[in-house]
Amino acid sequence: MNPIARFSLTIAVLLLVAGAVAAGLFAIPHRTEALRADNAAGDAVCLSCHQEKASFEETAHRLTSTLPTRQSIAGSFSRGENVMRTSNPQLHFRMDSTATGFSQTAVMGRAPDTSSHAERIAFVTGSRKGQSYLYWGAPDQLYQLPVSYWKGVGWVNSPGYPDGTPNFGRPIPPRCLECHASWFEHVPDPTVINRYRPTGAMLGISCETCHGSGRAHVRRERSPLRSLLPRAIIHPARLARARQLDACALCHGGTAALRTPAFSHVPGQPLERRAAG
Ligand code: HEC
Ligand code: HEC
Ligand code: HEC
Ligand code: HEC
């Protein structure tokens with residue numbers, strides 16, 4: 001073969017291979033995944049291209065769970081305002097902000113004969129009307145703290161807690177976190193429902209909670225071959241009406257359990273409600 005013919009043949013083969021690869025990529029439809037710590041792109045990456053969505057970071061969705069800070073905790077730690085009395089004269093709660101963090105202490109008995117139980121706030125849930133606080137016990141189980149905050153009222157008993165009893169034993173089920181965070185790794189345990197990996201949680205609701213894991217979309221939008229690659233992000237406006245409703249009903253359809261484990265719902269897929277009864 002003369003060099004020109006060989007060159008032409010090489011080019012032809014290369015074009016064929018490139019065409020086959022492109023066709024192959026194009027033919028594989030993207031499968032959306034539920035968001036997890038190990039497949040998340042993160043809001044900062046989304047916003048690097050979608051700057052017009054930046055105000056999302058200040059919404060109730062984004063802020064619905066946060067780490068405890070003076071800003072994120074709505075209740076007051078000032079002297080005189082950091083105590084919640086109860087109908088039980090032998091019990092009051094004290095909220096403290098110190099160098100080591102924020103805590104709630106149940107003080108029982110009458111001075112000078114008092115005993116106390118203190119726990120450190122690990123997470124804040126709620127951003128508008130009220131807040132509840134979670135703590136790590138034992139050391140990888142999440143519990144709700146007995147004192148919550150309600151706007152216009154101040155420190156209050158957590159919802160459903162009888163007044164006058166120091167209750168530190170209410171476990172946080174995965175479903176609670178599914179509605180108020182982007183990801184917690186639940187550790188299955190036949191004896192308790194509230195065991196989680198203590199690191200790697202993604203707080204607040206993020207872009208990918210509603211749009212699905214976005215890494216493939218980011219790869220596509222950054223690729224020179226983008227027009228050949230399948231769309232790889234859920235746009236709710238393109239979904240059937242029932243799926244659009246599901247997208248919000250995951251969290252706004254009542255607190256009933258779902259058939260699927262927490263954090264496994266895939267945006268765009270039907271919401272698997274547990275059969276009644
Ligand atoms: C490299 C830039 C880039 C990044 C990063 C990026 N996007 Fe996009 N996104 C785009 C472009 C460009 C489009 C328009 C695509 C089109 O119309 O084909 C788009 C479209 C979308 C759409 C509409 C899709 C549709 O079907 O019309 C959604 C939803 C979306 N992006 C969400 C996200 C989310 C969530 C993230 C973070 C995980 C993200 N984007 C990260 C560039 C980006
Ligand atoms: C992953 C769970 C989750 C999903 C999905 C979700 N929400 Fe929410 N939404 C919440 C939570 C939790 C709050 C309360 C946040 C707070 O105040 O801390 C909330 C609050 C709101 C509010 C009040 C916000 C405000 O600023 O007053 C509106 C409106 C709302 N959601 C609409 C929607 C719509 C519409 C959808 C579907 C497109 C949706 N949500 C999807 C969990 C979710
Ligand atoms: C099925 C989803 C779901 C579950 C489960 C759930 N929540 Fe919520 N939560 C919501 C939504 C949605 C709102 C906003 C309701 C509204 O404004 O009408 C909300 C509101 C709140 C608020 C008040 C927020 C505010 O600022 O107005 C707090 C605090 C809260 N939830 C804490 C919790 C805790 C703690 C758990 C678990 C022990 C829990 N929630 C379980 C969806 C859920
Ligand atoms: C609570 C669910 C929810 C969250 C969280 C959310 N979105 Fe969306 N997003 C939607 C819905 C619903 C639509 C469709 C709205 C419409 O066009 O009808 C949408 C549409 C979009 C679109 C395409 C249409 C448009 O408005 O440009 C882009 C891009 C997008 N979202 C990016 C983001 C980014 C980036 C974030 C995070 C900063 C984010 N979204 C967070 C629910 C959500």
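These legends walk you through several close-up views of one predicted model. Residues are numbered from 1 along each chain as its sequence is written, while chains are lettered from A and ligands numbered from 1 in the order in which they are written. Because the model is predicted, local features need pLDDT of at least 70 and side-chain atom pairs count only at pLDDT 80 or more, whereas totals for chains, interfaces and linings use all residues.

**View 1. The surroundings of ligand 2.** Here 17 residues surround ligand 2, and the closest are Ala-60, Thr-64, Ser-127, Cys-248 and Cys-251. A residue counts as near a molecule if its C-beta atom, placed from the backbone, lies within 6 Å of it. Helix H3 (60-63), H4, H5 and H7 each give two or more residues to this shell. Helices (H or I, at least four residues) and strands (E, at least two) are DSSP runs, numbered from the N terminus. H7 gives the most, with five residues. By type, the shell holds eight nonpolar residues, eight polar and one charged. Ala, Val, Leu, Ile, Met, Phe, Trp, Tyr, Cys and Pro count as nonpolar, Asp, Glu, Lys and Arg as charged, and the others, Gly among them, as polar.

View 2. Gly-126, Arg-128, Lys-129, Cys-176 and Cys-179 come nearest among the 17 residues around ligand 3. Two or more residues each come from strand S7 (130-137), helix H4 (174-180) and helix H7 (241-252). The largest share, four residues, belongs to H4. You will find four nonpolar, 10 polar and three charged residues in this shell.

**View 3. Helix H7 and the residue beyond its end.** The 12 residues of H7 should span 16 Å at 1.5 Å a residue, and the end C-alpha atoms are 16 Å apart, which agrees. The expected span is 1.5 Å times one less than the number of residues in the helix. Just after H7, Gly-254 takes a positive phi of about 95°.

**View 4. An open sheet of four strands.** The strands lie in the order S2-S3-S4-S5, with antiparallel pairing. Two strands pair if DSSP finds at least two bridges between them. At the edges are strand S2 (83-85) and strand S5 (113-120), each pairing on one side only. From one strand to the next, the twist averages 20°, with axes taken as lines fitted to C-alpha atoms and angles running from 0 to 180 degrees between N-to-C directions. Strand S4 (residues 101-110) pairs with S5 over eight bridges, and Arg-110 has Asp-113 in S5 as its bridge partner.

**View 5. Strand S7 and its partners.** Strand S6 (residues 123-125) runs antiparallel to S7, joined by three bridges, and Val-124 stands opposite Tyr-133. These two strands form a hairpin with four residues between them, where Gly-126 in the turn has a positive phi of about 100°. S7 also pairs in the antiparallel sense with strand S8 (residues 141-144) over four bridges, placing Tyr-135 opposite Tyr-143. In the S7 and S8 hairpin, three residues lie between the strands, and Ala-138 in the turn has a positive phi of about 65°. Strand S9 (residues 147-150) pairs with S7 in the antiparallel sense over two bridges; there, Trp-150 is the bridge partner of Gly-130.
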